[in-house]
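This report describes selected features of one protein chain. The sequence and structure are shown first, and the discussion follows.

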Amino acid sequence: MAEDFLSMSRVRGSVDGKSPRGDIKACAWGRPKSLDLREDVRNCSISPPYLPVTVVNTTAQLTALRQQMHTQNLSAYIVPDTDAHMSEYISDYDKRRAWITGFTGSAGIAVVTMGKAALWTDSRYWTQAERQMDCIWELHKEVGTTPVVTWLLTEIPVGGRVGFDPFLFSINSWERYNVALRDSDRELVSITVNLVDLLWGSERPPVPSEPIYALQEAFTGSSWQEKVSGIRSRMRKHREAPTAVLLSALDETAWLFNLRSSDIPYNPFFYSYTLLTDSSIRLFANKSRFSSETLQYLNSGCTGSMCVQLEDYGQVRDSVQAYTSGVVKIWIGTSYTSYGLYEVIPKEKLIADTYSPVMVTKAVKNSKEQTLLRASHVRDAVAVIRYLVWLEENVPKGTVDEFSGAELLEKFRGEEEFFSGSSFETISASGLNAALAHYSPTKELHRKLSSDEMYLLDSGGQYWDGTTDITRTVHWGTPSAFQKEAYTRVLIGNIDLSRLVFPAATSGRMVEAFARRALWDVGLNYGHGTGHGIGNFLCVHEWPVGFQSGNIAMAKGMFTSIEPGYYQDGEFGIRLEDVALVVEAKTKYPGTYLTFEVVSLVPYDRNLIDISLLSPEQLQYLNRYYQTIREKVGPELQRRQLLEEFSWLQRHTEPLAARAAPTASLAPLMTVSALTILSWSV
């Protein structure tokens, strides 16, 4: 699933509406046109204003919010689009900005003053916002702290107070807003009781309450006790001697205790915090959601410092504040800790790194976790291949659309063992819709699939043994010469990065250009990131692994996606995404070098490959990859008696034969010395 350039230096879930975990954004070079969508949007410049039936009247919400603001002596109030854990996806329970504005897009920040209301969002959502918001709301077609602060300074007087919920601000977001407002003689005011929550009442969706359960031992790389001991070992080795680690990201607690639930769409998490000290384990969650079996799992036969104390989720701030009264030091990861917790920890008792030790530790999978993830990708490949075979048979009939196709793929995945849902909203995009890197169809808005157009499918599954994410682009008819060239150059980028050998501890951003070189050679590019980490039945976008400037160095045992692409405005889009494991490379001379082992196992579209553009090394790599697919997926198809799919696989993985080479080879120089010239940051 493609990541946006704009998110690369941002904190996940920040009030800027960016998410380094990879929430897809529009390509940097503009928003492609969608010829199939009629833009029935509001017109506030006429009297009376024209409002489409999709507009939500928010007069009552704003009136009530302003009454609360008056009580708090506020000039403005900020409503972000995140939750208290800086999550990439949020529960309906936390969609405050959507309720106050009527706008349901996944990214955007709302600000309300006593006289105006405004929303800032990116180009993906401009039309949607104009269709959903009434004329009370101004739409600002830009994102980031600066435009919001600039607007605030024109709308509120010197000395004005700007309120915010500290649990919905990352530390970095708070710092940016606080400095900008303070320097202009305005005050940013932390209010721990969310004003929107006070108004939402019975309309608010219920807080998630599904049971919290323990993963079976077969699906975990280590016991929770081993993980706790490992983190405590890191604490003891830290030069500043922390006495506690505070975990705020939902996947941190889920990973640490091998616990899962379903509070967050596409992610098997539950609302929680953990305060792990050198002598105690405190898990903050809704106690009523733990069955007797899960409670026994956490505390059966425990002694002293290995007993888990369950505390109420809402008490975490008070408990952390009380803990700081002693001689302590709390270690946090600033990327996922809210200002609501940060502000109660005295700075002399704080150890702040970008990522917590849990986030860094779980990025490297042990041998069992690697085996589990590999297995999930074999079964996922079966589902995707079944879907591609079905498409080949049915698209020519003119009966398949983007939405029904996506639903069928989920049905196929649902028939796979250990399936637990999609890992993100499927991107099923035909023709010009594929040029929108973020596009997903709906039941109401979608296109028919056609043999005359390219089709891009970016999808993934959550399985008890792993999380998957794969993108394939296909064409069932006769692609143009340019489409074949663009596709092949994207494929070359995927191959060149996948087969690259590089020194251990190299940053992903240092090698990312290898995925782009074949495109750059002819003046093409793509406007999203090249890859992201992926978890074991956790996040489909698992930081801090990847090819962005904020990612940590590559290490053996990490999993990352590799996903170059190309998007032709208003015509078609191409992306080829595989998940790969970082492994040790075998080199001629001694040294510690790494490379990638691709674990996604679905063949590329032969119809779109111009073999003459491939170097002998690239062709050899591709044929070896196809042989691997045959060896790993073929037996599973035969075991399941999926004979048509097996026959399809055999045809689509036939070795490719070399053709006449072009005048200039496209093979990049795969030498380590090339790394020295790639020390730029995307």
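A241 is situated in the loop between α7 (224-237) and β9 (244-247); helices (H or I, at least four residues) and strands (E, at least two) are DSSP runs, numbered from the N terminus. The model is predicted, so local features need pLDDT of at least 70 and side-chain atom pairs count only at pLDDT 80 or more, while totals for chains, interfaces and linings use all residues. Residues are numbered from 1 along each chain as its sequence is written, and side-chain values use heavy atoms, with hydrogens and water left out.

**Backbone geometry**

The phi angle of A241 is near 50°, a positive value in a residue other than glycine. With 47% relative accessibility, A241 counts as partly exposed; the classes are buried (under 20% relative accessible area), exposed (over 50%) and partly exposed (in between), with a 1.4 Å probe and protein chains only. A505 also has a positive phi, of about 70°, although it is not a glycine. This residue belongs to the loop between β22 (502-503) and α16 (508-511), and at 57% relative accessibility A505 counts as exposed.

One joins S47 and P48, with omega about -5°, and P48 is placed in the loop between β1 (3-4) and α1 (59-71). Another runs from W543 to P544, with omega near 10°; P544 occurs in the loop between β23 (528-529) and β24 (559-562). As background, most residues other than glycine have a negative phi, and most peptide bonds are trans.

**Nonpolar cores**

A nonpolar core is a set of buried Ala, Val, Leu, Ile, Met, Phe, Trp, Tyr and Cys residues joined through side-chain atoms within 4.5 Å. The largest such core has 80 residues, of which L497, F596, Y604, I609, L622 and V633 touch the most other members. Helix α13 (residues 367-394) gives the most to this core, with ten residues. Not counting residues up to four places away in sequence, V633 touches A381, V382, I385, L601 and L649, where contact means heavy atoms within 4.5 Å. Apart from this core lies another, of 41 residues, and L247, A285, C539 and V579 are among them.

**Salt bridges**

A salt bridge is a side-chain nitrogen of Lys or Arg within 4 Å of a carboxyl oxygen of Asp or Glu. By this rule the count comes to 33.

| E597 | R374 | 2.9 Å |

E597 lies in strand β28 (residues 593-598) and R374 in helix α13, so their pairing ties together parts that are 223 residues apart in sequence. E597 is partly exposed, with a relative accessible area of 28%, and R374 is partly exposed at 26%. The pair of D578, in strand β27 (residues 578-584), and R472, in strand β21 (residues 470-475), links parts of the chain 106 residues apart. Both D578 and R472 are buried. R517 is partly exposed at 33% relative accessible area, as is D521 at 42%.

**Packing around α4**

Helix α4 (residues 145-155) packs against helix α5 (residues 171-182) at an angle of about 35°, with their axes 10 Å apart. Axes are lines fitted to C-alpha atoms, for helices over the stretch in contact, and angles run from 0 to 180 degrees between N-to-C directions. At this packing, T145, V148, V149, L152 and L153 in α4 meet R176, Y177, A180 and L181 in α5. The buried residues of α4 are T145, P147, V148, V149, W151 and L152. Their cover includes α5 together with the strands β2 (76-79), β3 (109-113), β4 (117-120), β5 (137-140) and β6 (161-164).

G108 lies in the loop between α2 (96-101) and β3 and, at 4% relative accessibility, counts as buried. Not counting residues up to four places away in sequence, G108 touches P80, D81, R97, L119, W120 and T121.
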